[in-house]
Every structure is written in C-alpha cells, then in structure tokens.
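Trainee: Could you take me closely through a single part of this model, keeping to what can be read from it with care?

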Amino acid sequence: MRGHLPHRVNGTALIVTGLLATLAALVFPIWSYADRSGTGLDTLNAQTVSTRFGPLSATDRIFITKVRLAGLWELPAGQQAEERAPSKAVETAGRHLVEGHTFLDARVREVAAQLNLELPNQPNDQQQGWLRELTATQGQDYERKFANVLRRAHGQVFSLVAQVRASTRNSLVRDLADDANTTVLDHIEVLEATGLVDFDQLARDGATASPPPATRSPAPPGPTPSPADPTPVTPSPTTSYPLPPAASRPKEQDDEKRGPKGKGPRNPERNATHR
C-alpha cells in the first residue's frame with residue numbers, strides 16, 4: 001500500500017495543477033483587457049492635467065507646441081516667398097503665410113501663457129532643414145519646392161487639428177483649434193492655387209506614412225445602370241441661425257465685441273430670431 005502512495009500524490013498534484021491552469025486562463029483575459037494599466041484610457045488619464053479651462057491632455061500639449069513650431073518656420077518661409085517668388089501666385093501664398101502665422105502665433109502664445117506651458121523659440125531640425133532647402137534654390141525650382149514642402153507640412157498639421165478639435169476637453173485648446181483650422185485651410189488653398197502642388201506625390205507620401213488597412217478594400221464595381229432622376233422634396237420650414245464670422249485677428253482685440261463671459265460675438269439678429 002505504501003509503495004503506491006507517491007503515484008496517488010502525483011496524480012492529485014497533476015489535477016490541482018490543471019485546475020489552477022484553467023483558472024488562470026479564465027482570469028488572465030479579464031485582467032489584461034479590463035483592469036490592466038497601460039490601456040488607452042489609462043494612458044489618457046495618466047497624461048492629463050487639470051486646468052480651470054478643462055482637462056489638458058498630452059495630445060493637447062503636442063498640438064499647442066506644433067502650432068508654435070509651424071509659425072517659427074512657415075512665417076520666415078512666407079517672407080522669403082514674398083521677396084523671391086517670380087510669380088504672383090507664389091508671392092500671394094507667401095503673404096497668406098505671413099499674415100496667418102502672425103495671427104496664429106499671437107493666439108498660441110496667449111493660450112500657452114494661460115495654461116502655463118513653455119513654448120519652443122526656434123524651429124526643430126527638420127523645419128530648419130526645409131528652410132535651408134528653400135534658400136538653396138532659385139526661380140521655378142524654388143517655387144515648386146516652396147509649394148510642395150509647405151503643402152505637405154500643412155496637410156500633416158491639418159490632420160492633427162481635426163483630431164484635437166474632435167476630442168479635446170479644454171476650452172482654450174478648442175478655440176485655438178478653430179483658429180488653426182481656418183488658418184491652415186486657407187494656406188492649403190493658396191498653395192494649391194499656385195498650380196505647382198504634386199498631388200500624386202502627396203498621395204504616395206500619405207500611403208507610406210499610414211499603416212496598412214486591416215482588410216483589403218474590394219475593387220470598385222463595374223459599370224451599372226444609371227439611377228432614376230431624383231424626386232424633388234420640399235423641405236420643411238426651419239429657423240436658420242447665421243454663424244459668426246471666422247476669426248481674423250487675435251482674440252484680445254475683439255473683447256468689446258464679445259458677449260458676456262466670453263461666449264462669442266454678440267449677434268442681435270440671431271437673438272431676435274431665437275426669441
């Protein structure tokens with residue numbers, strides 16, 4: 001009887017081990033996906049600080065820094081285009097860059113001061129390299145490089161503006177994103193109006209910079225019959241409210257035009273209609 005005791009103990013140990021392994025397999029997914037630190041929400045909470053204007057996330061701070069950096073190199077690039085561009089279209093684009101980033105730089109410094117954030121005072125290495133590239137070229141080569149380098153940079157900032165505007169919980173950052181959206185879109189349009197932007201290269205750059213899709217997109221369908229003419233529909237009468245004009249200068253110059261508690265420009269027509 002005693003000779004068989006070790007076998008019985010080993011069998012019990014195997015059963016207990018199996019049960020523990022099964023329990024671990026059931027518990028691990030719950031821990032790894034629900035309670036584990038390091039998830040996206042945990043990262044957001046850990047990197048967010050409280051301010052009187054609302055939570056300020058790491059993405060908000062990156063956005064503020066990038067707005068400042070954009071002005072530090074695009075403003076001198078615009079000044080250079082005004083002085084050196086052979087064509088009126090590129091000279092106009094340069095003027096828009098100067099005016100837009102003069103306004104936006106005043107706005108971002110105002111926001112950073114209220115949030116107690118430190119801003120850079122010179123362009124980063126990549127931006128300094130772009131300025132050197134522009135300085136080293138002349139004539140039509142300069143104009144093509146100016147249009148494409150600036151258009152590519154604005155496209156990258158534009159996507160960040162959209163992300164921040166959609167997700168920020170900070171009222172100052174939200175207003176800055178509105179101003180940045182107006183300014184960056186204007187610059188994209190005037191750069192494209194030069195007729196020098198290489199859209200094929202922009203598409204290739206975007207494709208190589210983005211991760212591949214999770215699933216392959218099917219090919220577009222072949223020719224199909226044209227749909228029937230649409231049936232006109234008479235819309236229901238609704239009350240429309242005009243939007244305020246887009247920002248065109250630093251907000252501190254518009255204080256007397258703003259309503260109480262900084263809720264935006266006064267609009268008597270809108271208020272009368274609402275009553």
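**Helix α3 and its surroundings**

Mentor: In this predicted model, helix α3, which spans residues 58-84, packs with helix α5, residues 125-135, at an angle of about 5 degrees and with the two axes 10 Å apart. Because an angle under 35 degrees counts as roughly parallel, α3 is roughly parallel to α5. On the α3 side the contact is made by Leu69, Ala70, Trp73, Pro76, Ala77, Gln80 and Arg84, and these meet Gln127, Trp130, Leu131, Leu134 and Thr135 of α5.

Gly78 counts as buried, because its relative accessibility is 0%.

As for confidence, the protein chain has an average pLDDT of 79, and 64% of the residues score at least 70. Residues 27-37 have a pLDDT below 50, and this stretch has four contacts in the model beyond near neighbours in sequence. Over residues 257-275 the pLDDT likewise stays under 50, and there the model has 20 contacts beyond four places in sequence. Where pLDDT is low, predicted coordinates should not be read in detail.

Methods
Residues numbered from 1 in each chain as written. Predicted model: local features only at pLDDT ≥ 70, side-chain atom pairs only at ≥ 80, totals over all residues. Heavy atoms only, no water. pLDDT = per-residue confidence, 0-100. Contact = heavy atoms within 4.5 Å. Axes fitted to C-alpha atoms, helices over the stretch in contact; angles between N-to-C directions. Helix = DSSP H or I, 4+ residues; strand = E, 2+ residues; numbered from the N terminus. Parallel < 35°, antiparallel > 145°, perpendicular 65-115°, else oblique. Buried < 20%, exposed > 50% of the residue type's maximum accessible area, 1.4 Å probe, protein only.
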